[in-house]
Amino acid sequence: MRLGPFSLLGLALAFPAAAQEISLRLPVACEVGRTCFIQHYVDRDPSPGASDYQCGTLTYDTHDGTDIRVPTMAAQRAGIDVVAAADGRVASTREGVPDVAVTAETREAISRIGCGNAVVIDHGNGWRTAYCHMAKGSVAVRSGQEVKAGDRIGQVGLSGLTEFPHLHFTLLKDGKPVDPFAYGAPEKSCGGGTSLWEASLQRALAYQGGSVLNKGFAPGPVTMAAIESGAVEQDTPTTRSPALVAYVRAIGLKGGDVQTLTLFDPDGQPVAQNKAPPLDRDKAQWMAFAGVKQPSGGFRPGLYRAVYRVERDGKAAIEQAFGISLRP
């Protein structure tokens, strides 16, 4: 999302220059790579193209923040806190925007409040942070309130200009968006600059050229809607299920990636495999599944495993194994 929708919150302000830097906590109470994922970074390419701080594709043109995504709407509804990334004073807030995914028909109207329910915090010395798309009714602070790093300020939602539950986090210095992963790096540089995240976060926030957002097993056909809602997680396969289907939803895939999902029986023998053709272009998200119908007499009890592998330029870019123990 562009910074424009923040204008109602008074972000386009000028501050005196200052050399002091800022140290940031993760603004979502989650575990990166397990209960939340980085979907998009700041766009470092000033041209109509787009490039993240590692010259990768995990961004889009004019994107001015970091998108921290939660895996399903069920997780969002359960409540995931948004917290202050550093000490400061609340500069402004917005509340009352409904949690509704944007559509082609509603995009123009919603773009006027694109940030959705939001909080802006002033940290002094020209630093501000903005937190967007929070859940309606969750904003827990008011303008002028002092906050400490880690204080709850709201919850992850689906308000404003968004298609999936996430926090859009923007860091500003002297009124301009900056990249917390590569502060001070020249535009279009790869891996330069300084990380402004706390030292304890450096390993968890290491750049990943794609991630597995969801994975599991189902007793029948799987849809993207069922994965997004979390409904697929509620129906656990048994030895009497009509089928056993392994599924994966991955994010940050690139054109040319080759995905393979293989299902193995308790003896370690492959019983189903889905090897997709190379992707025709970059994909923000993609679903793959491989399954087998119930054999005569039902599935054998035991541990069934699935292995998902993404090959990029002849090397493994993503590889993840997961399993399920089938019982009668």
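How many aromatic pairs does a search of the whole structure find? The search finds 11 aromatic pairs. The structure is a predicted model, in which local features need pLDDT of at least 70 and side-chain atom pairs count only at pLDDT 80 or more, while totals for chains, interfaces and linings use all residues. Residues are numbered from 1 along each chain as its sequence is written, and side-chain values use heavy atoms, with hydrogens and water left out.

Figure 1. A pair of aromatic rings is described by the distance of the centres and the angle of the planes. Rings of Phe, Tyr and Trp (its six-membered ring) pair if their centres lie within 6.5 Å; planes under 30 degrees apart count as stacked, over 60 as edge-to-face and the rest as tilted. Among the 11 pairs, Tyr41 and Tyr53 are edge-to-face, at 5.4 Å centre to centre with 65 degrees between the planes. This pair links distant parts of the chain: Tyr41 and Tyr53 are 12 residues apart, and each is in the loop between strands S1 and S2 (66-69). Strands (E, at least two residues) and helices (H or I, at least four) are DSSP runs, numbered from the N terminus. Tyr41 is buried at a relative accessible area of 2%, and Tyr53 is buried at 7%. Here buried means under 20% relative accessible area, exposed over 50%, and partly exposed in between (1.4 Å probe, protein chains only). In a further pair, the ring centres of Phe299 and Tyr304 are 6.3 Å apart with the planes at 85 degrees, so this pair is also edge-to-face. Phe299 has a relative accessible area of 7% and Tyr304 one of 5%; Phe299 is buried, as is Tyr304. One aromatic cluster is formed by Tyr41, Tyr53, Tyr131, Phe169, Phe181, Trp197 and Tyr207.

**Figure 2. Arginine charges over aromatic rings.** A charge sits over a ring if NZ of Lys or CZ of Arg is within 6 Å of the ring centre and within 35 degrees of the ring normal. Arg69 lies over the face of Phe164, at 4.3 Å from the ring centre. Over the face of Phe264 lies Arg305, at 5.9 Å from the ring centre.

Figure 3. Strand S9 comprises residues 166-173, and eight of its eight residues are buried. Both faces are covered, with His166, His168, Thr170 and Leu172 buried on one side and Leu167, Phe169, Leu171 and Lys173 buried on the other. Two strands pair if DSSP finds at least two bridges between them. S9 pairs with S2 in the antiparallel sense over four bridges, and Asp67 stands opposite His168 in S9. Strand S6 (residues 127-134) pairs with S9 in the antiparallel sense over six bridges; here the bridge partner of Cys132 is His168 in S9. Strand S10 (residues 176-178) pairs with S9 in the antiparallel sense over three bridges, and Lys173 has Lys176 in S10 as its bridge partner. S9 and S10 form a hairpin with two residues between them.

Figure 4. Most residues other than glycine have a negative phi, and most peptide bonds are trans. His133, which is not a glycine, has a positive phi of about 70 degrees. His133 is placed in strand S6 and is buried, with a relative accessible area of 1%. Asp174, in the turn of the hairpin, has a positive phi of about 55 degrees. Asp174 lies in the loop between S9 and S10 and is partly exposed, with a relative accessible area of 24%.

**Figure 5. The largest pocket.** A pocket is an open set of points on a 1 Å grid over the protein atoms alone where a 1.4 Å probe fits, with protein on both sides within 12 Å along at least five of seven lines; lining residues have an atom within 4 Å of a point. The largest pocket has a volume of about 460 Å³, where volume is the space filled by probe spheres set on the points. Of its 25 lining residues, Gly33, Arg34, Phe37, Ser211 and Val212 are the closest to the centre. Strands S1 (37-40), S11 (211-218) and S17 (315-326) are the elements that give two or more residues to the lining, and the largest share, five residues, comes from S11.
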